[in-house]
Amino acid sequence: MTRISACRTFGALATLALLASTGPLAAQEAGSDAHSGKEGDRRLTGHLRIDPYIEANSIATWQISPGDDVVTYTQLAAGVDASLIGRNNGATVSLRYERTFAHQDEGVDTDSITGLARGYTTIVPNVLTFEAGGLANRTSVDANGRSIIAPLADADLSTHTYSANAGPTLQTRAGNVDVSANYRIGYTRVDGPDFVTTGGQVADIFDESVSHSANVRAGIAPGHGLPVGVGVGAGFYQEDVTNLDQRVRDAYVRGDVTVPVSPTVALVGGIGVEDVEVSSRDALRDTNGAPVVGTDGRYVVDPSSPRVIAYEADGLIWDVGVVWRPSSRTQLQATFGHRYDSETFYGNFSWKPDRRSTFSVNVYDGVQGFGGRLNNALASLPVDFDVVRDPVTGEITGCANSLDGSGCIDGLLGSVRSSVFRGRGVLASYTHQAGRITMGVGAGYDRRKFIGAPGTVLALADGIVDESLFVAANLDGPLGRGNFSITTYANWFESGASDLGDAFSVGTSASYTERVWRGLSARAAIALNMLDAKAAPEELLTASALLGLRYDF
């Protein structure tokens with residue numbers, strides 16, 4: 001094959017390679033492309049599914065250790081699972097509301113909304129789309145900022161996280177020049193108990209944030225006038241966190257080049273300038289100079305205090321990498337460079353050995369707040385997925401099953417500190433369908449080094465590193481006249497502030513559902529969960545059982 005024919009073979013790959021070479025922020029934006037679910041579109045074009053349901057369940061929870069208590073509950077729930085996968089529109093939504101009534105005094109009545117959604121709609125075919133996504137979930141938290149998805153959370157340690165994002169994506173062409181642009185606004189909020197430790201110290205728990213991100217790029221693919229591909233792009237990111245009026249600003253301009261070296265391999269590189277700044281205000285002080293803590297357990301910001309720079313990096317950025325695409329089912333992009341005044345590495349790998357299997361890995365690096373990181377993860381979710389829920393609590397577990405990419409969010413919720421951080425990590429997932437049986441496995445590692453302005457109360461968090469690791473797996477399908485489901489998970493969290501924040505949780509559950517009459521089905525489930533927290537004198541071990549009825553309309 002001649003060099004020119006190799007360039008033409010790389011035409012479709014070049015746009016992705018150039019966009020990926022613009023840095024971690026743009027690479028994450030690329031993952032939010034509405035066309036990430038297009039293979040699912042071809043598979044289920046025109047398919048619409050809406051499944052509303054109600055449930056009535058009886059639950060018994062036995063606290064095996066410490067103590068020997070049994071608490072029973074009545075759980076009422078209503079929800080809807082819906083999906084639309086078409087040529088110009090696609091969406092998946094799983095939303096559930098439940099109310100749990102305790103029968104004993106030691107139990108607590110609770111209610112919660114959990115859900116996961118992702119979708120897009122076409123405004124101008126093949127040019128302009130509008131995307132949106134959202135998450136609602138409940139986790140177990142403590143005053144050290146540790147947050148674990150587990151059904152062990154009681155009312156005093158239960159925190160609800162809500163996140164949503166939306167925005168347009170443009171892809172068009174002017175002659176030989178490919179033009180792409182996107183904008184996304186995101187909002188995240190954490191609602192939880194008022195965290196003040198026994199010593200009167202405030203807990204560093206995230207409240208809410210609003211983020212804005214925008215990227216634009218123009219480039220020429222290899223073989224269109226030049227043997228190499230060239231492009232120029234710019235991006236802007238800002239996140240405003242209500243805790244002490246923290247703010248992240250990141251703007252860059254860069255050029256990049258793609259050099260095909262074979263029909264399946266290209267080298268990519270880029271260089272540019274970037275300006276990153278993290279700042280905040282100090283807490284309001286009382287007459288003794290002590291920071292004022294609000295009724296929600298968070299510091300009260302002093303709006304009249306000057307904005308203090310916590311972190312800044314400006315100047316030259318660069319990266320080099322490789323893109324490998326031996327077929328439409330396999331793709332690798334790996335990049336190494338210099339950003340944030342230090343080395344950076346990011347990339348992704350996706351492999352679809354057949355139509356019923358997919359494996360993906362994503363490596364990320366960026367300076368953001370809790371809300372911004374979660375917004376990026378939601379924007380990278382595929383459009384076509386199946387939510388995996390705990391059969392006893394109904395809560396969303398670590399990963400969603402999808403044949404179009406990774407759907408894991410577990411490790412991203414591992415720490416809910418309010419401080420802005422530099423986050424690095426990796427997420428991997430595998431999904432396989434064998435007939436009507438679906439299997440999913442996900443794992444991830446997340447490391448966050450927090451940033452706090454000197455001379456402010458956030459200086460206590462500066463340099464602290466929180467690390468979390470998770471593994472989750474599920475298996476479901478038909479069994480006899482009904483359907484079965486098995487889920488299991490393990491979470492590790494290591495706090496950089498104190499060993500008392502370290503925790504390990506593990507659990508497994510199994511359920512069986514059999515149709516009784518028309519839309520009415522009977523359900524049974526069991527679960528076993530363990531939480532080993534350094535702050536607790538003993539391990540918490542519980543077993544749960546559920547019997548109930550469900551009606552699908």
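Two residues are said to be in contact when heavy atoms of theirs lie within 4.5 Å, and the legends below apply this to a predicted model.

**View 1. Glu274 and the residues around it.** Leaving aside neighbours within four places in sequence, Glu274 is in contact with Asp250, Ala251, Tyr252, Ala313, Asp314, Gly315, Ile317 and Arg339. Glu274 itself belongs to strand β12, which covers residues 265-280, and its relative accessibility is 5%, so it counts as buried, the limit for that word being under 20%. With one of these contact partners, Arg339, the side chain of Glu274 also makes a polar contact of 2.6 Å.

**View 2. The largest nonpolar core.** This core is made up of 17 residues, and those with the most contacts inside it are Leu116, Leu135 and Phe370. Two or more residues are given to the core by each of the elements β5 (128-141) and α5 (370-379), and the element that gives the most is α5, with 3 residues.

**View 3. A nonpolar patch on the surface.** Strand β13, which spans residues 308-327, gives the most to the patch, with 3 residues. Leu316, which is found in strand β13, has a relative accessible area of 51% and is therefore exposed, since that word is used for values over 50%.

**View 4. The salt bridge between Asp207 and Arg189.** The side chains of Asp207 and Arg189 meet in a salt bridge, with a distance of 3.9 Å from N to O. Because Asp207 lies in the loop between β8 (177-191) and β9 (208-220) while Arg189 lies in strand β8, the pair ties together parts that are 18 residues apart in sequence. Asp207 is buried, with a relative accessible area of 16%, whereas Arg189, at 28% relative accessibility, counts as partly exposed.

**View 5. The salt bridge between Asp365 and Arg422.** Here the side chains of Asp365 and Arg422 meet in a salt bridge of 2.8 Å, N to O. Asp365 is in strand β16 (residues 357-368) and Arg422 is in strand β17 (residues 421-434), so this pair ties together parts that are 57 residues apart in sequence. Asp365 is buried, with a relative accessible area of 1%, and Arg422 is buried too, with 14%.

**View 6. Further salt bridges.** The side chains of Arg254 and Asp256 meet in a salt bridge of 3.9 Å, N to O, and both residues of this pair, Arg254 and Asp256, are buried. Elsewhere, Glu55, Arg96, Glu98, Arg523, Arg550 and Asp552 are linked in a network of salt bridges.

Conventions:
Residues are numbered from 1 along each chain as its sequence is written. This is a predicted model: local features need pLDDT of at least 70, side-chain atom pairs count only at pLDDT 80 or more; totals for chains, interfaces and linings use all residues. Side-chain values use heavy atoms; hydrogens and water are left out. Helices (H or I, at least four residues) and strands (E, at least two) are DSSP runs, numbered from the N terminus. Buried means under 20% relative accessible area, exposed over 50%, partly exposed in between (1.4 Å probe, protein chains only). A polar contact is a pair of N or O atoms within 3.5 Å; within protein, one must be able to donate a hydrogen and the other to accept it, and residues adjacent in sequence count only if both atoms are side-chain atoms. A nonpolar core is a set of buried Ala, Val, Leu, Ile, Met, Phe, Trp, Tyr and Cys residues joined through side-chain atoms within 4.5 Å. A salt bridge is a side-chain nitrogen of Lys or Arg within 4 Å of a carboxyl oxygen of Asp or Glu.
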